[in-house]
Amino acid sequence: MTPSPVEGKMEKKTPELEENEENGLNTEEEEEEEAETKAEEEESEPPSHLPFAPPSASTSELIDDSTTVDPSYVISLIRQLLPSDLDKEKTSASEEKTEKEEPWEESGCILWDLAAAKIQAEVMVDNFILDVLLANLHASKSPRIKEICLGIVGNLACHESLSCKLSSQEGLIETVVQQLFLDDSSCLTEALRLLEAAIQTSVYASWSDALLSEEVLQRVLWILENTLNSSLFEKCIDFILAVIDNEDVAKILLGHLMKLCLPDIAINLLSSEVEKSGDDMLARTEVLDKTISLVEGLSAVDGFLEVVSSKEKLIQCLCKILKAPDKFEILETCTSAVLVLANLFADENILSVLIGDFSFLEGLFDTLPVVADDIEARNAIWFIMSKVLGEAVDKFSKESLYRLAELILRKSVLIEESMNAQLLQEPQDESATNDYVRLHGVKKSITMIVQIIEKWSGDESLSRQSDAIEKAHRLLNSCSKYL
């Protein structure tokens with residue numbers, strides 16, 4: 001997935017491309033005064049001014065490629081970023097911004113925004129912004145200055161046309177990687193965003209090789225495990241998912257991350273979120289969604305099951321998610337949970353853990369409407385059901401099988417709706433539909449449901465209520481469409 005640039009962030013106030021005297025833009029009063037004294041000024045000194053700022057009045061929106069910006073204005077902003085003794089001028093007591101640092105920050109944030117547009121980004125790189133930013137990263141001790149520098153480079157890294165220039169800038173890659181050892185969460189967030197973008201470019205190898213040391217990878221995992229900053233946590237996971245999703249980068253880095261216990265770390269993080277009480281878990285749905293997305297990504301990696309030492313803990317987490325009463329509140333988490341669980345069935349021992357858990361089966365049926373609009377997740381549920389129901393038919397006692405039949409009838413409306421959706425959304429050609437049903441385990445699940453319900457219906461020793469018999473007939477009729 002192509003990384004997206006982000007906008008610069010000012011502290012305390014939003015940076016605006018203000019019309020001011022410094023930028024050669026005058027207020028109305030100043031314009032009137034200038035008109036009255038224009039002749040005198042022209043005689044006394046030559047005209048000089050900085051170019052006009054971009055037309056956007058605020059940097060709250062990213063500037064796109066259609067925005068016309070005078071290149072000399074960009075150059076003037078780059079000049080504002082030339083390193084100075086900003087750190088020495090800070091007062092030790094208040095740590096307030098110095099007179100030099102505040103203009104630096106405003107110029108930096110404007111460039112941060114402008115770097116989102118390819119045309120402006122190319123102007124910056126052609127005018128040595130990488131040298132200026134690299135010098136600041138080396139010279140400054142200010143976390144804010146480092147954050148802005150990393151933010152600008154992060155936006156530049158989103159443009160494939162500049163990838164070679166960034167990777168060939170002497171010392172840039174090594175300096176960026178070293179920023180991972182800072183303690184400031186904002187700096188770390190921007191560093192990881194930059195690295196996520198860089199490893200998705202054509203020069204991924206240069207960046208990946210720089211990340212290959214065990215010390216660096218351990219640092220990334222340490223950040224993942226220990227940060228309490230949600231933005232940093234999200235960017236850390238985004239970076240790791242970018243490694244997983246890029247086959248070439250995965251060949252370089254993923255094996256080392258797996259050896260450093262990334263799967264177990266991810267499972268422990270998921271467990272920590274899932275173990276929270278209902279209200280606390282719902283209050284952190286974004287963190288929960290992000291955490292399980294990492295587990296989902298890892299579960300599809302070859303060798304995942306071999307390196308995981310906490311499979312039982314993972315299954316417990318997934319079951320608790322699927323048993324949660326407020327599934328629509330954690331829709332994305334439920335979707336990921338069924339996909340992870342389907343991937344786990346590559347291990348035949350998983351069935352023995354789930355087969356007798358009726359509350360899990362009930363939760364699985366209840367998840368059908370939650371994932372109704374996600375074909376992949378819905379197919380995953382039918383696949384899981386085909387495994388569980390098939391095992392139940394073979395190994396359940398009569399009592400357990402009839403208990404399962406009663407559960408199926410209680411959830412018959414959900415099952416019928418999902419089957420109808422399957423029939424409506426897939427190709428109407430009969431052979432194509434049958435192939436699809438067979439491929440995703442739907443046909444096997446339906447066959448098992450029919451067998452279970454028919455055994456329950458055919459046992460004359462049972463006393464059954466009329467509404468249950470009616471549900472059984474209706475469900476069998478719906479199943480017949482597929483058989």
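Predicted model: local features only at pLDDT ≥ 70, side-chain atom pairs only at ≥ 80, totals over all residues.
Reader: What percentage of the residues is buried?
Author: Buried means under 20% relative accessible area, exposed means over 50%, and partly exposed lies in between (1.4 Å probe, protein chains only). The protein has 483 residues. The buried share of them is 51%.

Reader: How many helices and strands are there?
Author: Helices (H or I, at least four residues) and strands (E, at least two) are DSSP runs, numbered from the N terminus. The count for this protein is 27 helices and 0 strands.

Reader: Which helices does the buried side of helix 5 pack against?
Author: Helix 5 covers residues 129–139. Its buried residues are Ile 129, Leu 130, Val 132, Leu 133, Leu 134, Asn 136 and Leu 137. They pack against helix 2 (71–80), helix 3 (101–114), helix 4, helix 6 (143–156), helix 7 (163–168) and helix 8 (172–178).

Reader: Where is Phe 128, and what is its phi?
Author: Phe 128 sits in the loop between helix 4 (118–126) and helix 5. Its relative accessible area is 56%, so Phe 128 is exposed. Most residues other than glycine have a negative phi. For Phe 128 phi is positive, near 65 degrees.

Reader: Is Cys 261 buried, partly exposed or exposed?
Author: Cys 261 lies in the loop between helix 13 (247–259) and helix 14 (262–274). Cys 261 also has a positive phi, near 75 degrees. Its relative accessibility is 40%, so the class is partly exposed.

Reader: How many cavities does the search find, and what is the volume of the largest?
Author: On a 1 Å grid over the protein atoms alone, a cavity is a set of points where a 1.4 Å probe fits but cannot get out. Grid points are joined across faces, edges and corners, and a volume is the space filled by probe spheres set on the points. Searching the whole structure gives 1 cavity of 30 Å³ or more. The largest cavity has a volume of about 30 Å³.

Reader: How do the residues lining the largest cavity divide?
Author: Lining residues have an atom within 4 Å of a point; here they are Ala 157, Ser 163, Leu 166, Ala 198, Thr 201, Val 203 and Trp 207. Ala, Val, Leu, Ile, Met, Phe, Trp, Tyr, Cys and Pro count as nonpolar, Asp, Glu, Lys and Arg as charged, and the others, Gly among them, as polar. The division is 5 nonpolar, 2 polar and no charged.

Reader: How far apart are the C-alpha atoms of Ser 206 and Ile 173?
Author: Ser 206 lies in helix 10 (residues 204–210). Beyond four places in sequence, Ser 206 is in contact with Ser 167 and Ile 173. Ser 206 and Ile 173 are 33 residues apart along the chain, and their C-alpha separation is 8.0 Å.

Reader: Which backbone nitrogen lies 3.0 Å from a polar atom of the Ser 445 side chain?
Author: Ser 445 belongs to helix 26 (residues 442–458). Its relative accessible area is 0%, so Ser 445 is buried. Not counting residues up to four places away in sequence, Ser 445 touches Trp 382, Met 385, Ser 386 and Leu 389. The nitrogen at 3.0 Å belongs to Ser 386.

Reader: What is the length of the polar contact between the side chains of Arg 284 and Glu 273?
Author: A polar contact is a pair of N or O atoms within 3.5 Å; within protein, one must be able to donate a hydrogen and the other to accept it, and residues adjacent in sequence count only if both atoms are side-chain atoms. Arg 284 is in the loop between helix 15 (278–283) and helix 16 (285–299). Its contact with Glu 273 is 2.6 Å.

Key: Residues numbered from 1 in each chain as written. Heavy atoms only, no water. 1 Å grid on protein atoms, 1.4 Å probe; cavity = no way out; pocket = protein on both sides within 12 Å on 5 of 7 lines; lining within 4 Å. Contact = heavy atoms within 4.5 Å.
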